[in-house]
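Reader: I would like to learn how to read a contact between two chains. Where do I start?

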Amino acid sequence: MNNAEEKHWLVRPKTIRGLWIGGFALLALLVWADKFIHGHPSFGIDGTFGFYAWYGLVVCVAMVVFAKLLGFFLKRQDTYYHD
Amino acid sequence: MISDFFPGIPPGIVLILGALLLPFVGERLRPVFILGLPLITLALVWRLTDGASVVVSLLQYELVLVRSDSLSRLFATIFSIMAFGGGLFALKQEKILELVAAFVYAGCAVSVALAGDLISLFVYWEIMAVASTLVVLSVGAANSNRTSMRYFLVHMFGGALLMTGIVIHIVDTGSTAFTAMQPTSIGTMLILFGFLINAAAPPLSAWLADAYPEASYSGTVFLSAFTTKAAVYVLIRGFPGAEILIYVGCFMIFYGIIYALLENDMRRILAYSIVNQVGFMVTAVGIGTEMALNGAAAHAFTHIIYKALLLMSAGAVLYQTGKRKCTDLGGLFQSMPLTMICGVVGALSISSFPLTSGFISKSMISQAASDENMFIVWMLLMAASAGVFLHAGIKFPWFVFFQKDSGLRPKDPPWNMRLAMILFSGLCIGLGIWPEPLYAILPFTVNYLPYTVPHVVNMLQLLLFSGLAFFLMLPMMKRTLTISLDVDWLYRKLLPVTAREFVRIFSPLDRFLRDMVKGWIKIIIQAVQRQNSSEGLLAQTEHAGHMAQWMVVLLAVYLVLNFL
């Protein structure tokens with residue numbers, strides 16, 4: 001059995017920090033790549049710099065917030081129907 | 001070869017009849033049946049020549065039990081593959097009822113895909129509803145029993161709509177043929193509603209997330225594949241280009257995402273994501289171009305594989321831990337590495353990551369929206385693609401395999417379950433890298449290249465920034481021991497509570513009214529009794545002379561009337 005001192009390498013703070021740094025580097029690289037890539041945008045907005053990046057981020061934040069707000073009305077204890 | 005031995009046998013019948021033999025073959029022979037039957041079915045499907053091949057007469061109608069073309073073949077193929085993979089995963093399932101029901105269910109799905117007329121389609125459609133109910137019912141727990149009855153009632157309602165629609169349509173047109181329709185008459189509209197109920201379209205979407213997670217670890221794998229995808233098949237064949245489907249599909253896409261985001265049960269998350277994915281297909285059917293219909297068909301094909309894979313991974317966790325809530329799980333990657341890797345492959349596929357099967361199928365649907373200049377639909381599809389990664393692509397593996405250390409250290413599941421997961425993971429990646437074989441069997445010629453540099457970079461941007469949003473918003477996504485109310489609240493809560501309150505409020509009035517009527521009846525009985533008692537008027541004896549006297553009076557009256 002693993003104990004607290006012998007955490008799996010994947011969950012050690014150092015690895016997690018590395019993953020964050022690596023992740024941000026990858027994101028930056030992908031946005032930067034937009035400068036050199038010219039696809040065939042269909043609507044105009046999809047051809048603008050970094051569109052897919054900001055759109056993905058914004059809509060996901062919006063969906064999480066919307067779900068959270070909806071949750072205030074819709075969430076019930078998971079024993080709700082057992083009564 | 002095989003069809004030489006079984007000439008004229010509809011492929012689905014092999015699965016159905018073979019399933020009925022499962023309880024009678026010994027334990028040693030059972031795996032041979034479970035793995036062999038889907039392969040024989042698959043071989044028979046591919047031996048079919050295009051056109052109607054098995055036609056029987058019923059009254060004045062001709063039933064085309066087998067009508068093969070590229071669309072039928074595609075769905076019959078994936079249903080057979082799914083029966084094989086699901087069978088392998090369920091090889092050690094002790095409840096034979098589940099296996100029998102699942103194989104009858106699969107056989108009927110194959111038969112629906114091959115049915116050339118509305119009557120035989122309806123018969124197989126309804127047997128599917130019964131068989132899938134039995135898959136849930138076979139668990140035998142109180143909760144699954146109740147759930148299966150709710151599931152059954154919803155599908156019987158859908159079946160009633162479908163049957164009414166079919167009857168009206170046949171009377172209107174004089175034809176039983178199952179061909180493309182427009183929802184412009186009562187008959188075709190009812191048929192469409194019947195189909196949409198099985199696709200888990202609004203307003204009755206809740207049956208899916210209610211019932212599927214209550215099946216066994218292997219039952220849910222079968223359930224995920226057939227009902228909704230058979231509905232997608234009939235929509236592609238029956239209602240291509242019906243505009244209403246674009247709106248229905250878009251609603252389903254976001255309904256699935258939002259409810260999955262709120263959910264705590266890992267298999268219910270995946271159940272909501274079925275609605276989400278079927279939403280993409282329904283939208284594509286609504287767009288209705290060749291590219292869109294190819295996209296819907298291809299996405300149904302890849303979806304069956306990766307969704308089954310995801311539910312196999314979740315089923316393996318349930319099998320090994322007995323737990324299904326995200327709040328109880330976490331950190332399983334340490335002891336279930338293979339299950340985690342296969343779950344991640346499924347998660348990447350559903351998210352349409354490059355080099356996975358979802359990438360080569362879903363992108364055809366957004367391309368179709370783009371080709372048709374449907375800006376809003378395209379924007380919604382893009383948002384939904386990001387949302388899929390959010391709710392299924394990351395959320396499922398994160399909360400089950402990573403998140404926190406739950407302290408659980410279960411091992412990977414038995415060999416047959418591991419093999420099924422490896423097989424389906426291989427298919428997900430194989431189709432992602434080499435989509436041509438799938439493209440070659442789609443209903444229309446494919447003029448589409450998924451792997452262009454801009455497309456890959458754009459999708460990676462969309463998905464990875466969606467991933468960033470997930471980790472930034474993680475505090476808001478903390479799992480709670482909750483469920484989310486859905487339309488099923490109406491029949492699970494409102495209706496029973498209303499009925500109970502109705503009884504409570506109206507039972508005194510009811511008692512008062514009944515007492516009052518009983519009082520009247522008592523009075524009448526007493527009066528009758530009085531008249532019939534020994535002193536009563538009707539019980540008294542009369543002299544014969546009285547009768548003669550009255551006869552004279554009557555004759556006199558008659559005589560007078562005669563003179564007048």
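Author: Start with the contact, to which chain A gives 32 residues and chain B gives 38 residues. Two residues are in contact if their C-beta atoms, placed from the backbone, lie within 7 Å. This is a predicted model: local features need pLDDT of at least 70, side-chain atom pairs count only at pLDDT 80 or more, and totals for chains, interfaces and linings use all residues. Residues are numbered from 1 along each chain as its sequence is written, and chains are lettered from A in the order in which they are written.

Reader: Which elements give two or more residues to the side of chain A that touches chain B?

Author: Helices (H or I, at least four residues) and strands (E, at least two) are DSSP runs, numbered from the N terminus. Here the elements are α1 (13-33), α2 (51-74) and β1 (75-77) of chain A. The largest share, 16 residues, comes from α2(A).

Reader: How do β1(A) and strand β3 of chain B pair?

Author: Two strands pair if DSSP finds at least two bridges between them. β1(A) and β3 (residues 482-484) of chain B pair in the antiparallel sense, over three bridges. In β3(B), I483(B) is the bridge partner of R76(A).

Reader: What pattern does chain A follow along the sequence?

Author: The pattern is α-α-β. The radius of gyration of chain A, taken over C-alpha atoms, is 21 Å, well over the 12 Å that the globule rule (2.2 Å times the number of residues to the power 0.38) gives for 83 residues, so chain A is more spread out than a compact globule.
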